[in-house]
Amino acid sequence: MAVSAADNATNSIYYDPKAKYQPPKQELDKDAFLQILVAQMRYQNPLSPMDGNQFMAQMAQMTTMEQMVNLSKNMELLLRTQELSLSASLVGQQVTVVNGEGQDVTGRVEKISIDEKGIKVVIDGIAYDYDRVKEILGR
């Protein structure tokens with residue numbers, strides 16, 4: 001018997017019965033945390049309820065974690081922007097890069113290209129990874 005993606009979604013704790021199809025989430029986010037927190041509150045023992053301070057501590061931890069994730073994403077974006085800026089300044093410069101065999105190749109950067117694998121420095125029609133630039137000699 002084949003199991004469809006929709007069947008997998010019904011087994012997820014994030015399942016929304018109103019949606020036609022909802023793929024399972026791969027990460028826990030603030031919505032998942034809030035669902036867990038609500039479930040804790042709903043199913044706690046009424047004779048010995050959880051301390052309100054614990055809930056506040058959990059909320060503070062979640063907020064801190066969310067801000068750290070946001071900071072990480074922003075730092076990645078900043079790094080990518082800086083790499084693009086620095087690589088663009090290499091056009092027309094004489095550079096030395098290390099090719100795939102570990103040999104040094106020196107030439108003038110004709111252009112910079114970007115693909116799914118990252119930034120490439122093009123020398124004599126051959127694209128080299130930006131992080132293989134070993135030396136910048138100048139104009």
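Q: Which residues does Leu-90 touch, not counting residues up to four places away in sequence?
A: Leu-90 touches Val-95, Val-109, Tyr-130, Val-133 and Ile-136, where contact means heavy atoms within 4.5 Å. The model is a predicted one, in which local features need pLDDT of at least 70 and side-chain atom pairs count only at pLDDT 80 or more, while totals for chains, interfaces and linings use all residues. Residues are numbered from 1 along each chain as its sequence is written, and side-chain values use heavy atoms, with hydrogens and water left out.

Q: What makes the set of residues that includes Leu-90 and Val-95 a nonpolar core?
A: A nonpolar core is a set of buried Ala, Val, Leu, Ile, Met, Phe, Trp, Tyr and Cys residues joined through side-chain atoms within 4.5 Å, and buried means under 20% relative accessible area, with exposed over 50% and partly exposed in between (1.4 Å probe, protein chains only). The largest such core has ten residues, namely Leu-90, Val-95, Val-97, Val-105, Val-109, Ile-119, Val-121, Ile-123, Tyr-128 and Tyr-130. The elements that give two or more residues to this core are β1 (94-98), β2 and β3 (118-123), and the largest share, three residues, comes from β3. Here strands (E, at least two residues) and helices (H or I, at least four) are DSSP runs, numbered from the N terminus.

Q: How do you know that the length of helix α2 agrees with its number of residues?
A: The expected span of a helix is 1.5 Å times one less than its number of residues. Helix α2 (residues 30-42) has 13 residues and should therefore span 18 Å, and its end C-alpha atoms are 18 Å apart, which agrees.

Q: Why are the buried residues of α2 said to line one face of the helix?
A: In α2, Ala-32, Phe-33 and Leu-37 are buried. Seen down the axis of α2, its buried residues fall within an arc of 140°, so they line one face of the helix; the arc is that of the directions from the helix axis to the C-beta atoms. The buried residues of α2 pack against α3 (52-88).

Q: Why is the pair of Asp-104 and Lys-134 called a salt bridge?
A: A salt bridge is a side-chain nitrogen of Lys or Arg within 4 Å of a carboxyl oxygen of Asp or Glu. The closest N and O atoms of Asp-104 and Lys-134 are 2.8 Å apart, so the pair meets the definition. This pair links distant parts of the chain, with Asp-104 in strand β2 (residues 104-115) and Lys-134 in strand β5 (residues 133-138), 30 residues apart.
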